[in-house]
Amino acid sequence: MNREVIVDKENWKFVDCNLCGSTGFKTIFKDKILCDGKEVIFNTVKCVKCGFIYNNPLNITGIGNSFKKIESITNQAQWRITHKINIYFHALEILSKMYDLKDKNLLDIGCACGSFLDMARLFGFKAKGIELSKQQAAYAVNQLQLDVIEAGTVDPLIKEHRNFFDVITMWDVLEHIPNAKSTLQKISCLLVPGGILMLKIPNSYFQITKAKLARLFFPNLYKVLGAGDHVIHFTEKSIKKMLLDTGFEVKIFENSKRDLAQYSPFSIFQKAYYKMALIVEKLTGMHIGNYYFIVAKKKS
Ligand SMILES: [Zn+2]
């Protein structure tokens, strides 16, 4: 591949493994994507030392620009709640069994239009959010009267919210952040000792296999892995290792409940696959679903 073309692009850089720091990698998936109207190589690699999977080079701004501007804010808010309500409800149900939720502090990172925060508030949480998109943060504040700040990182909270939050959630967010390890370290600082981190992230084994099959059989419908917005690709082993390294112990690790994509032409297959993944999980403990759902506790 032509390194010069990519490295010269301002935001596309070669990086070291975010999990172990190694510089050695081998390519496992390669394609072209459009970046600012120009074609660049999209290269997913595996660290030769620890097996961590990430894009290299990657867009160091991480979180895709596609999240910054939404065509219809009302549709986006509606989409979130209709697609993800079962995941949100599952998380709040788990938390309500662990705690008396009244007046506990919860932070949702990448909260979009605030639909999860809105539900968390109904369960008794003092809910706060961070959102990169100006439009979505404004919707959460003005339409739902939520406490949401517009920011692309947790840095603005570090000074005044150290050891503050009882629960931090990230739904479909960590895979968009190039330096996920540093972000998890900062999240650990923000949580009280024993505080809970909840994550939903893609299962990269599933996603890479799906991308390869889709490219082969449905080239017209195919979108590059993670639609170009996912910069790192977790496996069960790598996310568990990163959580351990950043001061967490994993309490629940399971196949995530499905996004309720009721309008997808593939929803029947998705539903059948999800049911099969649940059976495999029950019989073998293996997680073959498209996303992982994780509950981790900050070590005291
Ligand atoms: Zn590594």
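Reader: Why is Lys128 called buried?

Author: In this predicted model, Lys128 has a relative accessible area of 13%. Buried means under 20%, so Lys128 is placed in that class.

Reader: What makes the pair Lys128 and Asp147 a salt bridge?

Author: The closest N and O atoms of Lys128 and Asp147 are 3.2 Å apart. The cut-off is within 4 Å, between a side-chain nitrogen of Lys or Arg and a carboxyl oxygen of Asp or Glu. The pair therefore counts as a salt bridge. Lys128 belongs to strand β7 (residues 126-131) and Asp147 to strand β8 (residues 147-150), so the contact ties together parts that are 19 residues apart in sequence.

Reader: Why is Asp147 called partly exposed?

Author: The relative accessibility of Asp147 is 39%. Because partly exposed lies between the buried limit of 20% and the exposed limit of 50%, Asp147 takes the intermediate label.

Reader: How do you know that Asp103 and Lys102 meet in a salt bridge?

Author: Their side chains come to 3.9 Å, N to O. The limit is within 4 Å, so this pair qualifies.

Reader: Why is Lys102 called exposed?

Author: Lys102 has a relative accessible area of 58%. Exposed means over 50%, and Lys102 therefore receives that label. Its partner in the salt bridge, Asp103, stands at 42% relative accessibility and counts as partly exposed.

Reader: What makes Lys241 and Asp245 a salt bridge, and where do they lie?

Author: The closest N and O atoms of Lys241 and Asp245 are 2.8 Å apart, which is within 4 Å, so the pair is counted. Both residues lie in helix α8 (residues 236-245), 4 residues apart, or about one turn of the helix.

Reader: Why are Lys241 and Asp245 called partly exposed?

Author: Lys241 has a relative accessible area of 40%, and Asp245 stands at 33%. Both values fall between 20% and 50%, so each residue is partly exposed.

Reader: How many salt bridges does a search of the whole structure find?

Author: The search finds 11 salt bridges. Lys84, Asp172 and Lys200 are linked in a network of such bridges.

Reader: Why is Ser188 called buried, and which residues does Ser188 touch?

Author: Ser188, in helix α6 (residues 180-190), has 11% relative accessibility. The limit for buried is under 20%, so the label applies to Ser188. Leaving aside residues up to four places away in sequence, Ser188 touches Thr246, Phe248 and Lys298.

Notes
Residues are numbered from 1 along each chain as its sequence is written. This is a predicted model: local features need pLDDT of at least 70, side-chain atom pairs count only at pLDDT 80 or more; totals for chains, interfaces and linings use all residues. Side-chain values use heavy atoms; hydrogens and water are left out. Buried means under 20% relative accessible area, exposed over 50%, partly exposed in between (1.4 Å probe, protein chains only). Helices (H or I, at least four residues) and strands (E, at least two) are DSSP runs, numbered from the N terminus. Contact means heavy atoms within 4.5 Å.
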